[in-house]
Amino acid sequence: MDPRKIVWKETAIVAVGELICSGAMIAVFAALGYFQMNVLWGALEGSLVMTVNYFFMAVTVNQAADRAERGEVKQGQKMIQLSSLIRLVLMGVAMVVGIKLGANVIALVLPLAFLRPILMLAEFFGKKGD
């Protein structure tokens, strides 16, 4: 399969998983009587930030792998390190902006922790041929 299609497919899985997990998180907030609009906006922003972060990470790793195949291993490693730093800084900026705009902090940050379980479940339920 084309590496670009794999990146898009995996990003779609993460996006859907983030929405499902964020929906469950919002339901818990509502069940406990803490739901407000800032919870919804925090969940949406956190999910969006995580999905975009995952997409750019996947694109960078794909490009670094292409460089490694051409024998440019050091450049690929530097690309991944720089991308990691830039994505971390941008995620931090997005979190600060969300907090300053009044998003619920827990609803904003919790979607960042959903990625690993989403990927584990996708791996578990994925087809053997993928």
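**View 1. The whole chain.** The protein has 5 helices and 0 strands, with helices (H or I, at least four residues) and strands (E, at least two) taken as DSSP runs numbered from the N terminus. It's a predicted model, where local features need pLDDT of at least 70, side-chain atom pairs count only at pLDDT 80 or more, and totals for chains, interfaces and linings use all residues. Residues are numbered from 1 along each chain as its sequence is written, and side-chain values use heavy atoms, leaving out hydrogens and water. Along the principal axes, the C-alpha atoms fill a box of roughly 55 × 35 × 15 Å. Of the 130 residues, 31% are buried (under 20% relative accessible area, 1.4 Å probe, protein chains only).

**View 2. Helix H1 against helix H2.** Here H1 (residues 3-31) and H2 (residues 37-69) have axes that come within 9 Å and cross at roughly 160 degrees. That makes the pair roughly antiparallel (angles over 145 degrees). The contact holds 16 nonpolar, 5 polar and 3 charged residues; Asp, Glu, Lys and Arg count as charged, Ala, Val, Leu, Ile, Met, Phe, Trp, Tyr, Cys and Pro as nonpolar, and the others, Gly among them, as polar.

**View 3. The second largest pocket.** This pocket has about 170 Å³ of space, the volume being what's filled by probe spheres set on the grid points. A pocket is an open set of points on a 1 Å grid where a 1.4 Å probe fits, with protein on both sides within 12 Å along at least five of seven lines, and lining residues have an atom within 4 Å of a point. The lining consists of Val49, Val52, Asn53, Phe56, Arg87, Leu90, Met91 and Ala94. H2 and helix H3 (73-100) are the elements giving two or more residues to that lining.

Terms used: Axes are lines fitted to C-alpha atoms, for helices over the stretch in contact, and angles run from 0 to 180 degrees between N-to-C directions. Angles under 35 degrees count as roughly parallel, over 145 as roughly antiparallel, 65 to 115 as roughly perpendicular and the rest as oblique. Buried means under 20% relative accessible area, exposed over 50%, partly exposed in between (1.4 Å probe, protein chains only).
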